[in-house]
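Work through the exercises below with the sequence and the model side by side. Try each task before you read its solution.

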Amino acid sequence: MMTKDTTALYAVSGGTADNILGNLVWFSVSDMEILRDELVKLAVTVGLPEKYVPAPIRPSDAFRRATSEIGGVLRSNEEMTEVLMVREVLSAEERVIRHLIKEVRDKKNVQLYYEKIGEIEFERQWGTISTVALTDEAKPALHKAKVLYSKYRDYFISDHIRRLIKVALGDCQAVGVRPAGAVYFTPATYEPTIKALNSLVKTLPGNAVEMHYLPVVNATEQKQMLEEKLRGHVLSQVSQIGSMLGGNAQVLSVKKTLKSLASEFAVTLRAQNVVSKTTANHAIYQLQGLKQQVAEYENLLESNLGEVRATIDILRKQVRIMLDRVSTENGVA
């Protein structure tokens with residue numbers, strides 16, 4: 001039996017379909033680089049649907065990512081600290097301009113002042129960047145920005161692989177079984193996807209990505225534990241959706257019953273007058289998916305989770321009512 005600190009679930013190295021609830025899955029991703037086309041080919045080869053591969057990289061996203069990583073402390077001593085910052089001054093249809101700003105913190109005279117030391121411009125049409133160094137100390141940062149842009153424009157990195165795995169696990173109705181995450185349970189019906197995902201990880205270049213899975217036996221104790229984890233998962237998801245709709249994240253994130261959380265969720269909706277139609281519809285979609293996930297686990301665990309499904313459905317309807325109210329108040333038909 002795995003230790004209680006880990007999952008408190010029994011995992012076995014094998015078993016038949018009728019005595020396996022699903023799989024424990026865990027993975028880790030460190031620094032890596034891979035071209036998207038290569039990743040697509042590997043996914044197709046192992047039978048993983050291409051839909052899980054992140055969309056092609058937008059040059060503008062690569063530009064922002066690269067330039068966001070060049071800031072930091074230039075020099076520091078007891079009397080003064082100089083920090084390099086990147087600030088966006090223009091984002092137009094044809095170009096994006098970011099300035100390199102040196103912030104000087106004069107500790108002795110208790111003063112703070114700023115100096116522009118460089119500029120980076122991104123041309124959207126051609127996907128190119130140009131730089132201007134106003135001081136010598138800007139040159140290393142500008143060079144680094146060019147190098148990083150070339151990398152982030154062409155290559156998927158660890159964040160893309162992590163996103164691929166998490167999206168696939170989401171489609172496998174994964175539920176976290178550790179408070180800190182990193183270990184998930186997926187129902188047995190999704191084992192083909194888990195196997196394909198694991199095969200993909202093994203074919204990736206280097207040893208930057210690691211993934212393992214173990215079957216979980218069908219036993220009363222395991223079902224009870226999974227129901228507890230599912231309820232915690234629902235609380236977390238409802239809290240996140242409430243925050244997305246403008247609720248107080250700190251209040252919503254406090255551990256509580258679904259009933260009390262739903263009440264606070266409802267207060268958020270009654271007070272909300274600025275949520276966008278896109279955000280509200282996304283919340284409705286997420287709640288519908290959460291309701292379906294609960295129904296699936298209800299069958300898997302042979303448990304009555306009707307009150308959980310009903311509460312989620314009420315929240316979904318409340319968001320719809322809120323959306324209609326805000327649309328009417330704002331003069332939107």
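Buried means under 20% relative accessible area, exposed over 50%, and partly exposed in between, with a 1.4 Å probe and protein chains only. The model is predicted: local features need pLDDT of at least 70, side-chain atom pairs count only at pLDDT 80 or more, and totals for chains, interfaces and linings use all residues. Residues are numbered from 1 along each chain as its sequence is written, and side-chain values use heavy atoms, without hydrogens and water.

**Exercise 1. Classify Tyr149, Phe63 and Phe122 as buried or exposed.**

Step 1. Tyr149 has a relative accessible area of 3%, so Tyr149 is buried.
Step 2. For Phe63 the value is 1%, so Phe63 is buried.
Step 3. Phe122 also counts as buried, at 1% relative accessibility.

**Exercise 2. Describe how the rings of Phe63, Phe122 and Tyr149 pair.**

Step 1. Recall the rule. Rings of Phe, Tyr and Trp (its six-membered ring) pair if their centres lie within 6.5 Å; planes under 30 degrees apart are stacked, over 60 edge-to-face, and the rest tilted.
Step 2. By this rule there are four aromatic pairs.
Step 3. Take Phe63 and Phe122. Their ring centres are 5.1 Å apart and their planes are at 20°, so this pair is stacked.
Step 4. Phe63 is in helix H2 and Phe122 in strand S6 (residues 111–123), so the pair ties together parts 59 residues apart in sequence. Helices (H or I, at least four residues) and strands (E, at least two) are DSSP runs, numbered from the N terminus.
Step 5. Take Phe122 and Tyr149. The centres are 6.1 Å apart, with 70° between the planes: edge-to-face.
Step 6. Tyr149 lies in helix H3 and Phe122 in strand S6, so this pair links parts 27 residues apart in sequence.
Step 7. Phe63, Phe122 and Tyr149 form one aromatic cluster.

**Exercise 3. Find the packing angle of H2 and H3, and name its class.**

Step 1. Helix H2 (residues 59–68) and helix H3 (residues 139–154) pack at about 140°, with axes 8 Å apart. Axes are lines fitted to C-alpha atoms, for helices over the stretch in contact; angles run from 0 to 180 degrees between N-to-C directions.
Step 2. Under 35 degrees is roughly parallel, over 145 roughly antiparallel, 65 to 115 roughly perpendicular, and the rest oblique. H2 and H3 are therefore oblique to each other.
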